[in-house]
Amino acid sequence: MGKKNETSNLNPKPSQNNSNVRAQWTPQQITIFCEACVDEVFKGNRPTTHFNKPGWRNIEANFKKNTGKEYPRIKFKHKWDTLKKDWVAWNKLKGSETGLGWDATKGTITATDEWWERKLTEVPEAAKFREKGLDNADLLDIMFKDTAATGNLAWAPSSGVLPSDLETPEEGLGDASGDLSSPDDDEVETPSLTQPTQDKGKKRVSISSLHGKRKKGGAATMLTHQLSRICEAVELRNSASLMEPRSSIRDVMERVCTLDGAEKGSDLYLMAARIFQKREKREMCNQMDYDDYVNNSDDDHDNVDDNDDEINELVVAGCQAADCIGAIDGTHIQVVIGEDKKIPYLGRKGVPTQNVMAACDFDLLFTFVMAGWEGAAHDTRIFLETIRTNSVNFPKPPPGKYYLVDAGYPLRNGYLTPYKGEKYHLPDFRRAGRGNKIEERFNYVHSSLRSVIERTFGVWKNKWRILRQMPSYDIEDQRNIVVATCVLHNFIRIHDREDEGFKWDELGSNADEGGEYSSSQENMENIHHEEMKVIRDNIARLSLEASAQRVLATTEAFCCDGFLHCREVAVADEQCMDGQGVHGEQQVPCYFIFGDSLVDNGNNNGLATMAKANYPPYGIDFPNGPTGRFCNGRTMADFIAELLGFDNILIPSYATTRGQDILKGVNYASGAAGIRSESGQQMGARISMGEQLQNHLITITRIADIFRDKNVTGNYLSKCIYSVGMGNNDYINNYFMPQYYPTSRLYTPEQYANVLIKQYSQQLRALYKLGARKVALFGLGQIGCAPFEISRYGTNGSSCVDFINNAVQLFNNRLKSLVDGLNNILSGAKFIYVNVFGMASGDASSVGLTISNKPCCEVESGMVTCVPLSTPCSNRTEYLFWDMLHPTEAVNFFIAGKAYNAQSQSDSYPIDIRHLAEL
């Protein structure tokens, strides 16, 4: 008895729910499994996309009989799903292309490298088939054919081709085409498609080919004409002259003026005015839930202030989200299809549907439609295949722009998702409030804006009732009807702004009844992208701070007015005075820093970039250890802050600043950033000078919200010191990196210096318009003497790379002349030029810097930054360079001292920072 129990324990029967049992699948076992599945298919035990219970029991028994292995059912289901994915990928790879070769040994396709590169961009999961084809292909065809969603009938008008089922007319539509035109046809430019060519059974059609004599009985030709004529409705929209009254600049700004803190003339008002000059931003503004709060305020007067808070928060966060260009989602449209083809179309409700992916802008216009995918296909799969397939011509977001998508989509560059695990849908917020968590505040703004796609779906479905009761046409015709109604939806929106169908949306009806199919419910792997996570976190932080700043600004107490005296507006006297003038040695109220890695103090820490220094041995001599500073200790900006009298030397980074910390200044600098937006892009994400100015605009808005007085804010900012040091990466990571950038082939060094100074001048004028009056411009150092450049180019007998230093001096000479020009034309401005290049020209050994040809820390060959956790040199005060590009703390101390207290105008022109502070 005991022996029997012992044997039983050693060989337990696997539970059907035990997913921890390890299944090792050999090629022979996979074939046996496939054969067992095919048997059950022929027996009729696969009624849908998977087997019924008798089918699975038979497969398990057959597999055990032929292999001696007994696996839990979940393992067989996983293998079924894996094989289906492989089968779909294999068929996507082959497609319907002809002329491909076949390698009988490998059992796979033979084609050119270019063909493989193109196909694997579209179907990356098929990479393994380059070395070996799909095993058991014939069996898998029987298992999955007519049950797996393939997207073979999917079509997007943006591809520029018509499906083969839409007959291309030989003679056109003649004069009758005028019946399809709007009264304003002569005033609206009609987009044309490309000339006729053959491609995969589809035909390209030009508009000109459709203006002949009508072909009798051609319903398909009518639809062809409509689709060809207006399927690119976004281009038409840009030329349409009609404007929805609610989206005019005047009306939107009148709504902004009702917000506390956004009165006419305020900085928030001015920021909104700049943003809402663009129509699409006004449309985005109109999607926010203003009316909901206004309509409810009469019922509960006690909540009026809370409503104002919510509106204000939406406006401020919406301005931060101004790079959003629209929203993406999927919706399901019922289809009528035969029983033999129904299975891949069955959605979650057990009803056959087609899954339609669409993108829209903030004017309820479709900007992209992909129709015809089987209802069983996940939204995420359709999305990924769409953006990967170049022939679809999906309107991908430009750099820095993005679509809003729900949590079921991957977080990747250009597509912004909400935070998972937090409240998201607007009804949830109305029932339970917005909460105080930064993630919930972000989700509230995200949901308010992304609801535009649900509203667009709702208007569209309500207008075209054929979508709810689809006739029993061919499945291709049902797909075409979806596209045609989207096109007509756009046409009506453009040419009849008062259409009743769109007024239906304003009544607050449920937008899209297809909620059960929301992609947020799909259990798909989420692909995270660091840059989009940073954007999301920044918007979330701003949303929360918008509310906090408003509360702060409405409490009655005291806050600093200017530099040395206070007035009644915001916080208690002792809080206000802390660090803002009570210490006699502080010479200016605030210090703002713009630049690159020479003064970055942590802004790159959260970016997806190789330009980071938030690890040892960086910061080995800094009190707080590694902070993101590209140095062993303090930067030039840190030392200058000390010399200006700021306590603790820490001007906060823009990425970490909170609350009233902004009153003493902000550091916007970012490693790898330049004057030109593309400079440093091979390193990854960075914050260019233009983007740093945008961040400064947000800071000014927050400061204005604290002071609540435009004049006080302007007076305060005019007394601050602004240091700007840009241009290094426009040479290091642009002009002198011809493998990545064409600038050295487009411009001579003289021309390039002129181009940079022209753009830099525009940026500095923008800084002046934002209130800057005391500005220290740091010239470029001797880049050609850096170990990194010497290792790349050699010195040809000199101590440095002379042609690099010569190019840098062309820039510096023009920058010094620019200082004179700006001081002459900008009223009240005082710009100075800090000659970093000249300061480094003397004998460094005279100040103890004796080692100039190698870095202090260990650096791998071809790299710039220190090896993580490596041990640096011990005599760091003798080294010029900490790593391959950045100076040591000793050098930063030397340059900062000369910039603050110059011995002559050759160091700082026309005055130094100390005298600049005294003005």
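Biologist: What pattern do the disulfides of the protein follow, with bonded cysteines counted along the chain?

Modeller: The pattern is 1-2, 3-4, 5-8, 6-7, and a search of the whole structure finds 4 disulfides. This is a predicted model, in which local features need pLDDT of at least 70 and side-chain atom pairs count only at pLDDT 80 or more, while totals for chains, interfaces and linings use all residues. Residues are numbered from 1 along each chain as its sequence is written, and side-chain values use heavy atoms, with hydrogens and water left out.

Biologist: Why is the disulfide of cysteine 590 and cysteine 720 called right-handed?

Modeller: It is right-handed because the torsion about the S-S bond of cysteine 590 and cysteine 720 is about 45 degrees. Cysteine 590 lies in the loop between helix H20 (573-577) and strand E12 (591-595), and cysteine 720 in the loop between helix H23 (710-718) and strand E13 (721-725), so the pair ties together parts that are 130 residues apart in sequence. Helices (H or I, at least four residues) and strands (E, at least two) are DSSP runs, numbered from the N terminus.

Biologist: Why does cysteine 590 count as buried?

Modeller: Buried means under 20% relative accessible area, exposed over 50%, and partly exposed in between (1.4 Å probe, protein chains only). Cysteine 590 has 0% relative accessibility and therefore counts as buried; cysteine 720, also at 0%, counts as buried too.

Biologist: Turning to the rings, why is the pair of tryptophan 25 and phenylalanine 76 called edge-to-face?

Modeller: Rings of Phe, Tyr and Trp (its six-membered ring) pair if their centres lie within 6.5 Å; planes under 30 degrees apart count as stacked, over 60 as edge-to-face and the rest as tilted. The centres of tryptophan 25 and phenylalanine 76 are 5.9 Å apart and the planes stand at 80 degrees, so the pair is edge-to-face. Tryptophan 25 is in the loop between helix H1 (2-10) and helix H2 (27-42), and phenylalanine 76 is in helix H4 (residues 73-94), 51 residues apart.

Biologist: What makes the pair of tyrosine 747 and tyrosine 752 tilted?

Modeller: The angle between the planes is 35 degrees, with 6.1 Å centre to centre. Tyrosine 747 counts as partly exposed at 26% relative accessibility, whereas tyrosine 752 is buried at 0%.

Biologist: How do you know that arginine 773 lies over the face of tyrosine 768?

Modeller: A charge sits over a ring if NZ of Lys or CZ of Arg is within 6 Å of the ring centre and within 35 degrees of the ring normal. Arginine 773 is at 3.8 Å from the ring centre of tyrosine 768. The charged end of lysine 816 likewise sits over the ring of tyrosine 909, 4.8 Å from its centre.

Conventions
Disulfide = S-S within 2.5 Å.
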